[in-house]
Amino acid sequence: MTKLKIETLDFDHNIIASFHEMFQAVDIALKKNTKGYFVALNPEKIVNTYNKNNWKKIWSNALGIYVDGVGIVHAARILDNKTIERIFPLESILRKLDDTKGRLFLFGSQKEVLSNAVEKINNHY
């Protein structure tokens with residue numbers, strides 16, 4: 001994991017910096033039967049976090065935080081000289097869950113986006 005600190009936004013968390021790290025984190029959680037969640041970090045979430053403690057609590061309690069926004073990739077490189085990959089973990093997570101008969105909880109802010117994701121998942125798994 002890579003430490004990412006953006007002082008102006010009071011953001012100071014370990015970030016899953018590569019697809020390999022994400023896969024390892026999911027694998028460990030499944031093997032230990034750990035209940036929890038991963039947070040997809042994007043610029044909108046950081047902006048919405050400014051002066052809001054609820055997101056900080058959500059990040060602090062997450063099993064992991066991964067980058068889901070090219071803006072974060074560039075900010076990490078410019079502001080903190082860090083190399084972080086934008087991660088698209090859902091496909092690998094779904095394969096792993098399908099192999100282990102695991103379950104997935106999806107949480108999103110827009111019902112239409114969530115419904116489309118559920119439909120696609122149900123068609124493939």
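1. **Fold.** The chain has six helices and four strands, where helices (H or I, at least four residues) and strands (E, at least two) are DSSP runs numbered from the N terminus. Along the sequence these elements follow the pattern β-β-α-β-α-α-β-α-α-α.

2. **How to read the values.** This is a predicted model, in which local features need pLDDT of at least 70 and side-chain atom pairs count only at pLDDT 80 or more, while totals for chains, interfaces and linings use all residues. Residues are numbered from 1 along each chain as its sequence is written, and side-chain values use heavy atoms, with hydrogens and water left out.

3. **Burial and surface.** Of the 125 residues, 33% count as buried; buried means under 20% relative accessible area, exposed over 50%, and partly exposed in between (1.4 Å probe, protein chains only). The chain exposes about 8,700 Å², and carbon and sulfur atoms supply 51% of that area. The areas come from the Shrake-Rupley method with a 1.4 Å probe, and for residues only the protein chains shown count as cover.

4. **Contacts along the chain.** Among contacts with a separation of 6 or more, 57% join residues 24 or more positions apart. A contact here means heavy atoms within 4.5 Å.

5. **The largest pocket.** Rolling a probe the size of a water molecule over the atoms shows where empty space is left. The largest pocket has a volume of about 1,900 Å³. On a 1 Å grid over the protein atoms alone, a pocket is an open set of points where a 1.4 Å probe fits, with protein on both sides within 12 Å along at least five of seven lines. Grid points are joined across faces, edges and corners, and the volume is the space filled by probe spheres set on the points.

6. **What lines it?** The lining of the largest pocket comprises 49 residues, each with an atom within 4 Å of a point. Phe38, Leu104, Phe105, Leu106 and Phe107 lie nearest the centre of the pocket. At least two lining residues come from each of α1 (19–31), β3 (38–41), α2 (43–49), α3 (53–61), α5 (90–100) and α6 (111–124). The largest share, eight residues, comes from α6. By type, the lining divides into 28 nonpolar, 12 polar and nine charged residues. Ala, Val, Leu, Ile, Met, Phe, Trp, Tyr, Cys and Pro count as nonpolar, Asp, Glu, Lys and Arg as charged, and the others, Gly among them, as polar.

7. **How many salt bridges are there?** A search of the whole structure finds one, with the criterion being a side-chain nitrogen of Lys or Arg within 4 Å of a carboxyl oxygen of Asp or Glu. Side chains of opposite charge can pair when their charged atoms come close. Here the partners are Asp27 and Lys31, at 3.1 Å, N to O. Both lie in helix α1, four residues apart, about one turn of the helix. Asp27 is buried, with a relative accessible area of 15%, whereas Lys31 is exposed at 66%.

8. **Other residues of α1.** Phe19, in helix α1, is partly exposed at 35% relative accessible area. Leaving aside neighbours within four places in sequence, Ala25 is in contact with Ile16 and Phe38. The C-alpha atoms of Ala25 and Leu63 are 7.8 Å apart, and these residues are 38 apart in sequence.

9. **Loop residues worth a look.** Ser18 sits in the loop between β2 (11–15) and α1 and is buried at 15% relative accessible area. Not counting residues up to four places away in sequence, Ser18 touches Glu85 and Ile87. Asn42, in the loop between β3 and α2, is likewise buried, at 15%. With neighbours within four places set aside, Asn42 is in contact with Asp68, Gly69 and Ile72. Asn33, in the loop between α1 and β3, has a positive phi of about 55° although it is not a glycine. Asn33 is exposed, with a relative accessible area of 62%.

10. **Helix α4.** Ala76 lies in helix α4 (residues 70–80) and is buried, with a relative accessible area of 1%. Ala76 and Lys3 are 73 residues apart in sequence and 9.9 Å apart in space, C-alpha to C-alpha.
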